[in-house]
Amino acid sequence: MDIPISSSLTLNNLRVIKVLGKGAMGTVFLVHDMFHDPSALSPFALKAVEKSNFSSNAIHRRARWETTVLSRLQHPFLPTLLGFTENSDFLCYAVPYCPGGDLNVLRYSQSDHVFSPTAIRFYIAEIVLALEHLHSLGIAYRDLKPENVLVQQSGHVTLTDFDLSTSLTPKKNLEFYSDPENDNLQPPPPPAQPQTFKFRQFAKFILPNKTKYISNTATITRNGLRKVKSARVSPVSRRNRSSFYERSNSFVGTEEYVAPEIVRGEGHEFSVDWWALGILCYEMLYGTTPFKGKNRKETFRRILMAEPEFIGKKNDLADLIGKLLEKDPTRRLGYRRGASEIKEHEFFQGMRWDLLTEVVRPPFLPLRDVTEEVKKGGINITEYFQKLKAPPSPLWSPSHDEWTNNVSLTEF
Ligand SMILES: Nc1ncnc2c1ncn2[C@@H]1O[C@H](COP(=O)(O)OP(=O)(O)OP(=O)(O)O)[C@@H](O)[C@H]1O
């Protein structure tokens with residue numbers, strides 16, 4: 001069953017099934033449209049960013065930038081913007097729901113907390129195609145990590161979280177974009193065409209429940225699962241910018257995943273994503289990142305100085321990782337010819353890149369559906385937000401836009 005969703009969301013029609021996750025920017029809900037989809041056959045993810053968090057302007061810029069990026073994406077391994085709306089207190093946007101959790105959760109569900117080389121080959125190949133598409137649009141992702149690789153109902157991947165991405169190509173190719181590091185903010189253009197939701201039958205969630213923060217950079221879930229948070233360091237001013245080929249000097253990303261050129265504060269470009277891909281491969285293979293130190297300072301020192309350690313006989317995967325973790329970005333695999341260089345590596349020998357989307361038996365498939373959760377009922381998202389504000393005034397009426405600036409989203 002396909003349900004057309006218009007680019008403009010009607011918040012009053014949305015019912016929250018559950019909270020999917022929270023990040024630095026906002027809360028992501030699983031919702032369904034009570035008007036178009038009363039049985040919740042096609043739930044979708046709604047990210048709500050609270051405008052009272054916009055104090056420094058940085059979150060505001062990044063949220064708008066993320067919607068702008070999402071509105072341009074048309075790729076099977078990247079999300080599409082299904083709808084967008086905002087009022088005085090919230091900015092909300094909808095993307096397809098990924099019921100399989102993220103690669104971090106999935107890795108912890110494996111024996112020994114590592115993936116088989118076959119699974120790594122599948123996931124990394126899809127991520128390479130997603131990054132290739134982003135780079136072709138002039139977007140460096142800059143936040144690749146297992147937590148940002150979600151698993152769709154089909155078992156294929158979707159990258160999420162584009163607020164740290166940036167445009168690196170000439171502005172003439174990016175006329176709709178407003179890079180968060182520039183002042184020129186534009187509202188996102190509507191999705192190119194009405195999107196449709198496919199009927200989804202779920203079997204199992206692998207999402208963690210509540211998380212408990214242990215530091216600025218990591219959380220531990222109830223299952224003892226480690227979840228790395230983005231190490232967001234304020235952007236520094238740009239340098240070394242040529243009119244044709246822009247380089248970003250922002251210091252962004254998750255500390256164990258940041259490339260040496262970012263640590264050094266040098267300008268960086270698309271190859272930071274190929275570095276992060278190397279870290280991701282390593283973590284999927286060994287269950288730990290290669291340069292992790294006791295603290296951020298030591299991690300950064302190791303990123304700059306240490307070589308990755310490989311266990312056992314060096315194979316194609318280890319060779320690929322070594323070439324992606326080249327400290328000099330100009331010698332890193334992917335620097336000269338982008339994704340093509342990575343696709344040509346021996347690890348991917350025999351890979352039918354054009355048929356990846358056709359793979360019907362990916363390594364893991366989400367198993368359980370959300371029927372039970374939907375049966376429990378949900379809450380109208382407008383009511384949800386209203387519950388979070390200060391006690392309503394006697395003059396309050398549901399038709400008024402009454403959200404205050406001080407509400408904070410919490411789990412219900
Ligand atoms: N489409 C989706 N389907 C299922 N879960 C999702 C989806 N999008 C986001 N989530 C969940 O919500 C969490 C937070 O989402 P997201 O990373 O986009 O928020 P954020 O505020 O930008 O986070 P961060 O602090 O990492 O920047 C994700 O880690 C994931 O668990």
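In this tour, a residue is called buried when its relative accessible area is under 20%, exposed when it is over 50%, and partly exposed in between (1.4 Å probe, protein chains only).

**Before you click**

You are looking at a predicted model, in which local features need pLDDT of at least 70, side-chain atom pairs count only at pLDDT 80 or more, and totals for chains, interfaces and linings use all residues. Residues are numbered from 1 along each chain as its sequence is written, and side-chain values use heavy atoms, with hydrogens and water left out.

**Stop one: colour by confidence**

Colour the protein by pLDDT, the predictor's confidence in each residue, from 0 to 100. The mean for the protein is 75, and 68% of its residues reach 70 or more. Now select residues 182–224, where pLDDT is below 50. Beyond near neighbours in sequence, this stretch has 118 contacts in the model (a contact means heavy atoms within 4.5 Å). Next, select residues 392–412: here pLDDT stays under 50, and the model has 52 contacts beyond four places in sequence. Where pLDDT is low, the predicted coordinates should not be read in detail. For the model overall, the scores are ipTM 0.96 and pTM 0.78.

Side chains of opposite charge can pair when their charged atoms come close. A salt bridge here is a side-chain nitrogen of Lys or Arg within 4 Å of a carboxyl oxygen of Asp or Glu. How many salt bridges does a search of the whole structure find? There are 14.

Select Glu 86 and Lys 51: their closest N and O atoms are 2.6 Å apart, forming a salt bridge. Glu 86 sits in strand S5 (residues 83–86) and Lys 51 in the loop between strand S4 (44–50) and helix H1 (58–72), so the pair ties together parts 35 residues apart in sequence. Helices (H or I, at least four residues) and strands (E, at least two) are DSSP runs, numbered from the N terminus.

Is Arg 64 buried or exposed? Arg 64 is buried, at 11% relative accessible area, while Glu 86 is partly exposed at 32%.

**Stop three: Glu 266 and Arg 264**

Move on to Glu 266, which forms a salt bridge with Arg 264, with the closest N and O atoms 2.9 Å apart. Glu 266 is partly exposed at 34% relative accessibility, and Arg 264 is partly exposed at 38%.

**Last stop: a network**

Finally, select Lys 47, Glu 66 and Asp 161, which salt bridges with shared partners join into one network.
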